[in-house]
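Colleague: I am new to this structure. Could you show me how to read its features?

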Amino acid sequence: MTTPTAESVPESVAAPRAERDRVIVFDTTMRDGEQSPGASMSHDEKLELAKILEDLRVDVIEAGFPIASNGDFEAVRAISGIVTESIVCGLARAGMADIDRCAEAIRKARRGRIHTFLSTSPSHRDHILHASQEDILEMITKSVGHARNLCDDVEWSAQDATRTEPDFLRRCVDAAIKAGAGTINLPDTVGYSYPSEYADMFRDILEHVEGADRVILSTHCHNDLGLAVANSLAGVQGGARQVEVAINGIGERAGNAALEEIVMALKVRGDALAFHTGVETQHITRASRYVSAITGFPVQFNKAIVGKNAFAHESGIHQDGMLKDRGTYEIMSPETVGQGGSNLVMGKHAGRAGFREKLRTLGYELGQNALNEAFQRFKDLADKKKHVFDDDIVALVDDALASGSDRIQVKTLRVIAGTEGPQEAFLTVTIDGVETSANATGDGPVDAVFNAIHKVAPHEAILRLFQVHAVTEGTDAQAQVSVRLEEDGRIATGQAADTDTLTASAKAYVNALNNLTARKEKSAPAAIASGF
Ligand code: KIV
Ligand code: ZN
């Protein structure tokens, strides 16, 4: 095997050396990530995530698929209006209407990009597009050319590139470059490739396609065989200079390459693979937690970089080594990725300034109103809970951000539970500021609470997921609850945290219901959502 350094990259990547060694980070958490079944994000959550991605200094934010729905269009448009440094990108199929809609959505962006794609593999040509190779080439020329008339920065993707005949893929890339694409993405759409094959595909393009050395080649790897990160790094070895990634590796099916893993692999092993990114890694944990909270997808405990156990040392031998020298068992420090450990933060006597400072170290810059609200919640929590940990604060702030603009809000809840049934819930909510109450029995206290919600806010949605996690340890720990609802094929997730598990459950359900209502304006046509 050749030594994987920048030297092994084909000389034809003709940028100045410093730039040659920089890998552009293209985040697709809000587009491909949101295509994970159940991983819907509300408009406000997307805006908040865009701010976090800017703090991370990702180079490109793929904010959505504007033609897919009004909600996606509005999210891309709003993000284009608030992002100042990163490029804001929207996805479009090869049709003119898609591209026009995308161009309109990114119009306000300081730096906008149209990302248009077309399938190139025989499987997709025959079964999805019913198009010949010549048809595909013509569509590439037309779509990329049209996009270039509307935007200077155009990316073209060859969907299912890794299962495309190499000679035809070359012709497709050639057509896209000639039509004006500045970035060429070669996705492993179905997560089928091996690292060596993926690297060779980029080398082949660089060697055989005129002008390939003057555009940016990009990776986009799905994780069906657990190889997405390895393949993306191999793509970089082969000459790619952009990686398409998602926080926590979320995305279609088994997901995309995880941003945090690729960024840290490049940072920690610069000796082995001499490339770097511009990502400010101390924001990684916050981004991971936020994505997990808004999607309701828990991060597995042993997940690289962001898992709860990623920096935990359990065995005596390891602990002994760590006490003598952290380098014995740690290849990076938790602080590098913003994992501060579960340190005790402060009690109920803490002041607002100290609280604001704590939030800042956890990566939150809140406006005055949000700060006041978070501080009040913190005080309430400190009254109930002996030790308040960083994780508690993160949970309460994320909770406030998630539910802040909800139409329906839980006001009070009282539940009768225990062995002497029936369990009964007494609930008061406000809907658009107007108070309404109901009580209901159920098969258990949670069922009673959800039945009471049905009474105050009648709906047809079906409960698809109900999940409870303890934020920290101890019986007074906050419960973090995720709820997923489905109605007419639309899925929405809600979450909430509280020291009272039933209150957290009620708030999470109501949050999901609010998100579902918001999503009703946002229909995602199945024909568009599938096929990636
Ligand atoms: O996986 C894929 O091929 C995609 C494209 C739309 C870039 O997500
Ligand atoms: Zn994809």
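Modeller: Start with burial, where buried means under 20% relative accessible area, exposed over 50% and partly exposed in between (1.4 Å probe, protein chains only). Asp 32 has a relative accessibility of 1%, so it counts as buried. His 222, at 2%, is buried too.

Colleague: What should I know about the model and its numbering?

Modeller: This is a predicted model, where local features need pLDDT of at least 70, side-chain atom pairs count only at pLDDT 80 or more, and totals for chains, interfaces and linings use all residues. Residues are numbered from 1 along each chain as its sequence is written, chains are lettered from A and ligands numbered from 1 in the order in which they are written, and side-chain values use heavy atoms, with hydrogens and water left out.

Colleague: What is the average pLDDT of the chain?

Modeller: pLDDT is the predictor's confidence in each residue, from 0 to 100. The chain averages 89, and 92% of the residues score at least 70.

Colleague: Which residues are the protein donors of the zinc ion (ligand 2)?

Modeller: Donors are N, O and S atoms within 2.8 Å of the metal (3.2 Å for Na, K and Ca); water is not among the atoms, so sites may look incomplete. Here Asp 32 (OD), His 220 (NE2) and His 222 (NE2) lie 2.0 to 2.1 Å from the zinc ion. Their spacing in sequence is D-x187-H-x1-H. Asp 32 and His 222 are 190 residues apart and link distant parts of the chain.

Methods: Helices (H or I, at least four residues) and strands (E, at least two) are DSSP runs, numbered from the N terminus.
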